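Please read them alongside the structure.

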Amino acid sequence: MFHVKLPSRDVMARHVDEKVSPSRVHLPRQVVEKPLWQVGKRLLMALGVLALTTVIVYLDRDGYHDNANGTLDFLDCAYYATVTLSTTGYGDIVPHSDSARLVNILLVTPLRVLFLIILVGTTLEVLTERTREEWRLNRWRSTLRDHTVIVGFGTKGRSAIQTLCATGLRKEQIVIVDPSSKVIDTANADGFVGVVGDATRSDVLLRAEVQKARQIVIATQRDDTAVLVTLTARQLNRGAKIVAAVREEENAPLLRQSGADAVITSASAAGRLLGLSVLSPSAGTVMEDLIQQGSGLDLVERPVIKAEVGKNVRETEDLVVSVLRGHRLLGYDDPAASPLQLTDRVITIVRAAPVTPLTTPPE
């Protein structure tokens, strides 16, 4: 029976003191104007409607009757426009000519409706925004298939996403799960869909549509959390490829028993790279270049093309380092690796174009 070795206090989860908000899906936000500018713009529109109505009434002031003195000046017209647009009027100033009544029907009444729409514009905008957001969410759920779920948007999670995007995976096919709302806001700013919540809970992973995912990357801060997330994810999706990261190498077997297809030991991998760099700084630089997708040299797995079938691994255009035949991984110098077969997959070293790094979320 395995026991999870917990990390020390200095490497605890970065969100330990942060209040976790209720679980929900956050779609990438669209550009929205600042609230003060929205209010100011509505105020200017309302004043414009009021001024236009005042001018219309003033131009036809002879068709109106004031119960106070019978005639209208500019102040009376402004008063009539104000009470007419904001209420149904008090009856102290009324249109009595046919032209004034026609103007009220064709111009003043539509302006009154427009004025009221501007006044309740905030409420209408909130309702419209909620409806639009609900529609976007339903459409997102209905079209999402074979996507990738990233649990944890820290350094490991961002690096994994950068590598996946460098290989051609679209941002729309990535869903990020993290307990921090600030981190999810950063993910949204980068164009990713995010779910705020604890990934050890099945309802949070279901919001990320993990049951329809093709692959799941678990890059949490703690090894025990990674185990629980792996167990929950494997229970919800039996066929997905699950790759998990752990800090302590002795926890790797437990991750595999929990359902992970591949386990990366971050601390050991960093230590091996440090040791290699001590022995040969150049070799360490090459290895770092290989694992940094989209910069310099890249390791790429691809199928064998028809033109390569029957050839020796050294006769291909790309530099082949391994051949995957069925479940066997053959080195380039293995006699069984050549000749290449149509069903083989080769792991090659290629030159790649650089990719744009992701934004670092706030600590």
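1. Contact here means heavy atoms within 4.5 Å. On that basis, residues 24 or more positions apart account for 66% of the contacts in the protein with a separation of 6 or more. This is a predicted model, in which local features need pLDDT of at least 70 and side-chain atom pairs count only at pLDDT 80 or more, while totals for chains, interfaces and linings use all residues. Residues are numbered from 1 along each chain as its sequence is written, and side-chain values use heavy atoms, with hydrogens and water left out.

2. The protein has 11 helices and 13 strands; these are DSSP runs numbered from the N terminus, with helices (H or I) of at least four residues and strands (E) of at least two. Of its 363 residues, 37% count as buried. Buried stands for under 20% relative accessible area, exposed for over 50%, and partly exposed for what lies in between, with a 1.4 Å probe and protein chains only.

3. Helix H2 (residues 74-86) and helix H3 (residues 98-119) have axes that come within 8 Å and cross at roughly 60°. The axes are lines fitted to C-alpha atoms over the stretch in contact, with angles from 0 to 180 degrees between N-to-C directions. The crossing of H2 and H3 is right-handed, that is, the near helix is turned clockwise from the far one by less than a right angle. From H2 the contact is made by Tyr80, Thr84, Leu85 and Ser86, and from H3 by Asn104, Val108, Leu111, Arg112, Phe115 and Leu116.

4. Leu85, in helix H2, is buried, with a relative accessible area of 0%. Beyond its neighbours within four places in sequence, Leu85 contacts Val49, Leu50 and Thr53 as well as Val108, Leu111, Arg112, Phe115 and Leu116. Its C-alpha atom is separated by 7.8 Å from that of Val113, 28 residues apart along the chain. Thr84, also placed in H2, is buried at 2% relative accessible area, and it touches Val108 and Arg112, not counting residues up to four places away in sequence.

5. Strand S5 (residues 174-178) pairs with S6 in the parallel sense over four bridges; pairing requires at least two DSSP bridges between the strands. Val177 stands opposite Val195 in S6. In strand S6 (residues 193-196), Val193 and Val195 point one way and Gly194 and Val196 the other, and all are buried. Together S5, helix H6 (residues 181-189) and S6 make a right-handed β-α-β unit: with the strands pointing away from the viewer, the path from the first strand over the helix to the second runs clockwise.

6. Strands S11 (residues 319-325) and S12 (residues 328-331) run antiparallel and are joined by four bridges. Ser322 has Gly331 in S12 as its bridge partner. The two strands form a hairpin with two residues between them, and Gly326 in the turn has a positive phi of about 70°.

7. The peptide bond from Ser338 to Pro339 is cis, with omega near 0°, and Pro339 is in the loop between S12 and strand S13 (345-352). Asp146 has a positive phi near 50° and lies in the loop between helix H4 (121-143) and strand S4 (148-151); at 42% relative accessibility it is partly exposed. Glu209 has a positive phi near 55° in the loop between helix H7 (202-207) and strand S7 (215-218), and counts as buried at 8% relative accessibility.
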